[in-house]
Amino acid sequence: HRVQLDGSIVADRGLVGSDVQVTATGPDLSQMAAFAGLSGAPAEDYSIDGGLRIAGGGYELRDMAARVGGISARATGIVTSQPGLLGTKLKGSGNGPDLQDLAWLTTLDGAPKGAFEISGALTISDQGYELDTVAARVGGITATFDGVITDAPGLENTEITADISGSELSALEPLFRRPGLPSAPFALAGGLRVSSDGYEVDAVEIEVDGSRATLSGTVAATPNLSGTDLEVTVDVPDLEHMGRLAAGLADLPTLPAEPLVFSTRLAIDERGYLLEGLDGNLGRAVFAIDGRVGTPPSFIGTDLTVEAEGPDASLINPTTGLTMPGAPFRINGRCERLENSIRFHGVESRVGEHRVSLDGSLGELPELIGTDLEVHASGPDTNLYEALAGLPNLPDEPFTLDGRFHGTPERFSTREFRLTFGDSHLEGEFKVDIT
């Protein structure tokens, strides 16, 4: 190991006032680090070259360059001797063949692999670690950061803006400890503020292989995210493709190969999920939804008002497994999921020439207790209902069905019942004792 000092050294006052040019080299940094009380340093050759001035409150670095193996760094600024290095101000850069070679300097687990570059300015203040245009590249990932990262519990009052992009989202699997991320290009940009209640996101845009989501609002740090309140916009050019990308993260049904665009306010509380002003398009279909979705698995408390229409009902076939015809469709009305029933408020649906309207309550299957439901249905044939309800061998003729259905613990009954199949006609009142 070789150390060379050129300049002036003040022998007293703790070397304060010393101003030297430092040059140091050696074959094994771990030996020098052990002498300084540091453990874990690599057994790599090293070199240091730069100006050093010792002041009363710390050390001034002037274009200080350091190299350890293939890793190089350069810094200019002040490193204080205050507790926690408070008041330190540094501007610098660094690069190397693999970010994981710096694991001995940090507790960060799962850092991405690959050659890296970093540059920017750091100030340690009463607020925390202030980042000024910190830019980094690791492998195929690039990022810039500005703002303050605090050392408070839970990083409270941290406030940063970030712009991150990369060629493969799967490269972040070790960092997030989440397998199944797609090998697709990604980008993330926006602002984040950490508060005692959660995380405030400001126009955070997430893009994966062309599909984008924008979020603004609050993500609550509570069980089930209760208290979250977000404005959400989603733009997916091909829903089927997005489903394939997410296959490693969730068990999804086959999705239609159509573009999906929507925006909504999403609020989460102990009763479920509030959807306010959800408007969008799926392919050429348009939809609008307002209301609440109850908590799974029962979804009790759901209360939704829905309007949807489009030129092709078969759009939902891949996802639902149904066999809907390629005919225009429309559905509108309000639906509630109550404790023991489903309540329909003027729900009307149309598929081609098939029409159904429901108003009232449908009790739980199979007893249907609590049912008080008015039904009107008609169509040119029964093919659609054979497919939807699994009722084979229905007469393949035009039909109408009207009636009011009631269910109690003792009986199931109908009033004002009328059914026609072609020229056949049936009407009246029926009661079935189920006790």
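This is a guided tour of one protein model, from the whole chain to single residues.

**Before starting**

The structure is a predicted model, in which local features need pLDDT of at least 70 and side-chain atom pairs count only at pLDDT 80 or more, while totals for chains, interfaces and linings use all residues. Residues are numbered from 1 along each chain as its sequence is written, and side-chain values use heavy atoms, with hydrogens and water left out.

**Stop 1: the whole chain**

Display the complete C-alpha trace. Along its principal axes it spans about 115 × 35 × 35 Å. The radius of gyration of the protein is 33 Å, whereas a compact globule of 435 residues would have one near 22 Å. This radius is taken over C-alpha atoms, and the globule rule is 2.2 Å times the number of residues to the power 0.38.

Next, switch to a cartoon view. The protein has five helices and 25 strands. Helices (H or I, at least four residues) and strands (E, at least two) are DSSP runs, numbered from the N terminus.

Of the 435 residues, 31% count as buried. Buried means under 20% relative accessible area, exposed means over 50%, and partly exposed lies in between (1.4 Å probe, protein chains only).

Colour the charged residues. The protein has 30 positive and 65 negative charges, and their mean positions are 3 Å apart. Lys and Arg count as positive and Asp and Glu as negative, while His and the chain ends are not counted. The place of a charge is taken as NZ of Lys, CZ of Arg, CG of Asp or CD of Glu.

Consider also the contacts, where contact means heavy atoms within 4.5 Å. Of the contacts in the protein with a separation of 6 or more, 33% are between residues 24 or more positions apart.

**Stop 2: D19**

Select D19, which is found in strand β2 (residues 19-26). D19 is partly exposed, with a relative accessible area of 27%. Not counting residues up to four places away in sequence, D19 touches D6, G7, S8, L52, R53 and R62. Then draw a distance from D19 to G51: these residues are 32 apart along the chain, and their C-alpha atoms are separated by 7.5 Å.

**Stop 3: G69**

Move to G69, in the loop between β4 (58-68) and β5. G69 counts as buried, at 17% relative accessibility. Leaving aside its neighbours within four places in sequence, G69 is in contact with E44 and D45. A distance drawn to T319 spans 250 residues along the chain, and the C-alpha atoms of G69 and T319 are separated by 55 Å.

**Stop 4**

Select L85 in the loop between β5 (71-80) and β6 (89-96). L85 has a positive phi of about 60 degrees although it is not a glycine. The residue is partly exposed, at 40% relative accessible area.

Proceed to N157, found in the loop between β9 (141-149) and β10 (159-166). N157 is not a glycine, yet it has a positive phi of about 75 degrees. At 43% relative accessibility, N157 counts as partly exposed.

**Stop 4: T264**

Select T264 in strand β15 (residues 260-269). Is T264 buried or exposed? T264 is buried, with a relative accessible area of 7%. A polar atom of its side chain lies 3.2 Å from the backbone oxygen of E276. Leaving aside neighbours within four places in sequence, T264 is in contact with L230, E231, V232, L275, E276, G277 and L278.

**Stop 5: two cis peptide bonds**

Show the backbone from P296 to P297, where the peptide bond is cis with omega near 5 degrees. P297 lies in the loop between β17 (285-294) and β18 (303-310).

Then select L365 and P366, which are joined by a cis peptide bond with omega of about 0 degrees. P366 lies in the loop between β21 (354-363) and β22 (372-379).

**Stop 6: H406**

Finish at H406, in strand β23 (residues 399-407). With which side chain does H406 make a polar contact of 3.2 Å? The partner is the side chain of R415. The side chain of H406 also makes a polar contact with the side chain of D372, at 3.4 Å. A polar contact is a pair of N or O atoms within 3.5 Å; within protein, one must be able to donate a hydrogen and the other to accept it, and residues adjacent in sequence count only if both atoms are side-chain atoms. Leaving aside neighbours within four places in sequence, the residues in contact with H406 are T371, D372, R411, F412, S413 and R415.
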